[in-house]
Amino acid sequence: SDGSIHDSWAPRISYGNRGILSFRIAVETASTDNHSGNKGGVIPNAGWELVRLLDSMIDQEDHVLIDGFYDDIEPASTYEERILAKIPYDSQRLARVFGVERIELDNKTYFRNLMFRPTLTINSFLCGEPGGKKSIIPSKAEAKLDARLVVNQSCDEVYERIQKHIHSFSTRGKITLERLGRGMLPAKSNPEFPPFQCVIDAASQAFGIDAIEVPITGGSLPNYVWSDVLHVPFILVPYGNPDERNHAPNENLSLDCYYKGIETTA
């Protein structure tokens with residue numbers, strides 16, 4: 001039941017989720033930070049070297065440039081396309097919920113990007129002195145990234161392709177790549193499994209509004225244990241409010257959603 005309901009505050013039912021692979025990249029160009037004036041222009045800057053490496057991995061349209069990154073991904077089925085077409089979409093309301101100025105995607109692109117396309121995201125970037133008071137040439141820079149994977153993608157295979165890209169990149173410094181954990185595989189159930197209708201009806205009754213079906217949720221959970229190991233169907237019934245701010249300061253849960261979640265489960 002992890003995640004949020006629809007941004008219209010209707011319950012949301014999902015039949016799958018993306019996977020995740022996390023890793024850290026570091027570039028080291030010197031044994032210590034150096035004066036940006038006295039050494040400026042004659043030695044490499046670790047920050048710029050890492051920026052160039054990261055820039056080689058993705059374009060301005062967020063298309064990942066790593067060779068083979070999109071291999072083996074599975075498009076939406078005809079049934080899933082019908083589900084996608086029914087999902088309410090209000091880009092202005094979503095922008096307010098997300099705290100961004102605008103979302104410049106049509107409904108088809110928005111949902112396909114969120115559910116059936118993998119991503120590559122910079123989670124953090126560390127370089128030089130926090131606060132930036134020193135005039136230095138940083139000797140080390142590092143970034144933590146994650147890739148959200150879709151059905152048929154393997155954490156091991158995607159990591160191998162990332163390794164190959166990074167190790168073939170020419171930089172003036174030592175590159176270190178570290179995989180963070182094993183990751184989680186993407187997972188999906190058949191949305192046409194008949195007992196799922198009982199869950200849809202329960203959520204609709206508890207929330208007092210028709211539940212909205214979603215083929216895949218954009219986040220990651222270890223549901224591959226059910227689908228790939230035990231070979232049994234699973235269903236996601238998130239109870240969080242749309243503005244729950246998950247993974248951000250002041251993450252919260254609406255009491256109304258909490259009680260309606262209890263009722264749905266009962």
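The largest cavity has a volume of about 40 Å³, a cavity being a set of points on a 1 Å grid over the protein atoms alone where a 1.4 Å probe fits but cannot get out, and a volume being the space filled by probe spheres set on the points, which are joined across faces, edges and corners. This is a predicted model, in which local features need pLDDT of at least 70 and side-chain atom pairs count only at pLDDT 80 or more, while totals for chains, interfaces and linings use all residues. Residues are numbered from 1 along each chain as its sequence is written, and side-chain values use heavy atoms, with hydrogens and water left out.

**Cavity**
- The structure holds one cavity of 30 Å³ or more.
- The lining of the largest cavity, meaning residues with an atom within 4 Å of a point, consists of Glu74, Met115, Phe116, Val150, Val151, Lys188 and Ile216.

**Largest pocket**
- The largest pocket holds about 1,900 Å³ of space, where a pocket is an open set of points with protein on both sides within 12 Å along at least five of seven lines.
- Its lining comprises 47 residues, of which Arg18, Phe98, Leu114, Gly218 and Gly219 are the closest to its centre.
- At least two lining residues of the largest pocket come from each of helix H3 (91-98), helix H4 (107-115), strand E4 (119-127) and strand E10 (217-220), and the largest share, six residues, is supplied by H4.

**Glu80**
- Glu80 is found in helix H2, which spans residues 78-86.
- Glu80 counts as buried because its relative accessibility is 3%, the term buried meaning under 20% relative accessible area with a 1.4 Å probe and protein chains only.
- Leaving aside residues up to four places away in sequence, Glu80 touches Pro75, Phe116, Lys188, Pro191 and Pro215, a contact being heavy atoms within 4.5 Å.

**Overall make-up**
- The protein has eight helices and 10 strands, taken as DSSP runs (H or I of at least four residues for helices, E of at least two for strands) numbered from the N terminus.
- Of the 266 residues of the protein, 41% count as buried.
- Among contacts in the protein with a separation of 6 or more, 79% involve residues 24 or more positions apart.
- The C-alpha atoms fill a box of roughly 70 × 35 × 30 Å, taken along the principal axes.

Conventions
Buried < 20%, exposed > 50% of the residue type's maximum accessible area, 1.4 Å probe, protein only.
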